[in-house]
Amino acid sequence: MPAVSDGHPADARPVPPAASEEPSVEPGPVVLPAQDAAPAEGGSGSGAGQRAYDPWQAGAFSMPDQGAAARGTVVRLRHAVALGLGIALLAGGVGGWLGVLAERRSSTRLELPQAAAENRDRAPDSVAGIAAAALPGVVTLHVRGSGSGGTGTGFVLDGQGHILTNHHVVAGAKDVTVTFSTGESTTASVVGRDSGYDLAVVRVSGVRGLKPLTLGNSDGVRVGDPVVAIGAPFDLSNTVTAGIISATGRPITAGGDKDGSDISYVDALQTDAPINPGNSGGPLLDAQARVIGINSAIRGAEKTGSDRQSGSIGLGFAIPVNQGKRVAEELIRTGRATHPVIGVTLDMQYPGAGARVGAQGEGGRPAVTPGGPAARAGIRPGDVITKVDGVRVHGGDELIVKVRARRPGDPLRLTLLRDGREQTVRLVLGSAEGS
């Protein structure tokens, strides 16, 4: 009879005792000694009336083996626990592998939500709309002179290739290269320039498809009007910035050599649109993409030393386009510009309020030009001019700026002090050829 190895009592069959050195016999009824026989149910325990004990008889045991059953239960629990742990580990491993696989697959197909691209045009009076309209007519100028170079900006005036920029951009230039917003470049020649207005005109030849910008009217500009500036600050071409008109009629002087010459006098438009080195000569545009000014100067923050910080602090200045238009027309026609004058020499060291007429002119000449506009109006040396057309001036620079903002031949009304008394004179501006 084969042995049972799983230890389950319900499946075990008892093994009959084997006689020593006796051959095995076929199972069959065995008669045990009387003293070993189990008494019959209800018997007296004697051999009479007893039946033989058959170990192979079904139900021979009336009591199960409690110890074997307990051991079998423990074994079953151990097997169950081991089987459960194995299944859990297997499930965990498979689940983890599936999770990693799912993560890898999902990461390769990861797509975040995104709005669809908008192909519609921007509103014409938005910054984007103004920039789109004006950029084709704005150029970047790279200038090389005697051992030096620089970058500036300009804009196309007409289909003949005339481009307006600042005088200080092309001053001393030997080679001028113009780069359009498309990236195409060509050389340019200087047509004319004027340091007093800080304006110059250059020209390109053989270029088709030029996009001249529309000139506006700077007399209609008001404080708070939105503006857009385009230029190449620090050689970053096609840079667009936006702001407002911060002030109008702001008298400024810019440039100038050590001897006091080459100074620009501008009755400027002030803007907070960021303007930096390289923006010089670029257009200041209104909400209809019309040029209302030519960006010319900035005010830098003070440093502890003698130098100023070279960067925008929201104080930019532009030459009004009405003045730029007149000067550009003269430069294109003759290569030079004319300056309106009143015919006096001013005392630039006068510390008081107003502009005082000097005692004498340069080289011992009269301070009031004989036969000039001031002389005809009765202005004398020592008179202090305090107002121009009713607008107060605080010094000689401001008087020059206010006069330069007019044209030769324009009428002018001056308020002056003489011997402590105020009086008003009228004159017609004369003309002098600029530098």
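This is a predicted model: local features need pLDDT of at least 70, side-chain atom pairs count only at pLDDT 80 or more; totals for chains, interfaces and linings use all residues.
Me: How many helices and strands does the protein have, and what makes a run count as one?
Reply: There are 6 helices and 19 strands. Both are DSSP runs numbered from the N terminus: a helix (H or I) has at least four residues and a strand (E) at least two.

Me: Why is alanine 355 called buried?
Reply: Buried means under 20% relative accessible area, exposed means over 50%, and partly exposed lies in between (1.4 Å probe, protein chains only). Alanine 355 has 1% relative accessibility, so it counts as buried. In the protein as a whole, buried residues make up 35% of the 435 residues.

Me: Which residues are in contact with alanine 355, and what does contact mean?
Reply: Contact means heavy atoms within 4.5 Å. Leaving aside neighbours within four places in sequence, alanine 355 is in contact with Leu346, Asp383, Val384, Ile385, Gly395, Gly396 and Leu399. Across the protein, residues 24 or more positions apart account for 62% of the contacts with a separation of 6 or more.

Me: Why is the pair of aspartate 286 and arginine 290 called a salt bridge?
Reply: A salt bridge requires a side-chain nitrogen of Lys or Arg within 4 Å of a carboxyl oxygen of Asp or Glu. The closest N and O atoms of arginine 290 and aspartate 286 are 2.9 Å apart, so the pair meets the limit of 4 Å. Aspartate 286, at 11% relative accessibility, counts as buried, whereas arginine 290, at 33%, is partly exposed. The whole structure contains 11 salt bridges.

Me: What does the salt bridge of aspartate 383 and arginine 418 tie together?
Reply: The side chains of aspartate 383 and arginine 418 meet at 2.7 Å, N to O. Aspartate 383 lies in the loop between helix H5 (373-377) and strand E15 (384-388), and arginine 418 lies in strand E17 (residues 411-418), so the pair ties together parts that are 35 residues apart in sequence. Aspartate 383 and arginine 418 are both buried. In another salt bridge, glutamate 118 and arginine 120 meet at 3.4 Å, N to O, and both of these residues are exposed.

Me: How do you know that the charged end of arginine 404 sits over the ring of tyrosine 197?
Reply: A charge sits over a ring if NZ of Lys or CZ of Arg is within 6 Å of the ring centre and within 35 degrees of the ring normal. The charged end of arginine 404 sits over the ring of tyrosine 197 at 5.9 Å from its centre, so the distance falls within the limit of 6 Å. Arginine 404 is one of the buried residues of H6. Helix H6 (residues 396-404) is mostly covered, with 7 of its 9 residues buried.

Me: What makes a group of residues a nonpolar core?
Reply: A nonpolar core is a set of buried Ala, Val, Leu, Ile, Met, Phe, Trp, Tyr and Cys residues joined through side-chain atoms within 4.5 Å. The largest core has 28 residues, and those with the most contacts inside it are Phe155, Leu164, Leu199, Leu213 and Leu285. Its largest share, 4 residues, comes from H4. A second, separate core of 20 residues includes Val344, Val357, Ala374 and Val425. In soluble globular proteins, nonpolar side chains tend to be buried together.

Notes:
Residues are numbered from 1 along each chain as its sequence is written. Side-chain values use heavy atoms; hydrogens and water are left out.
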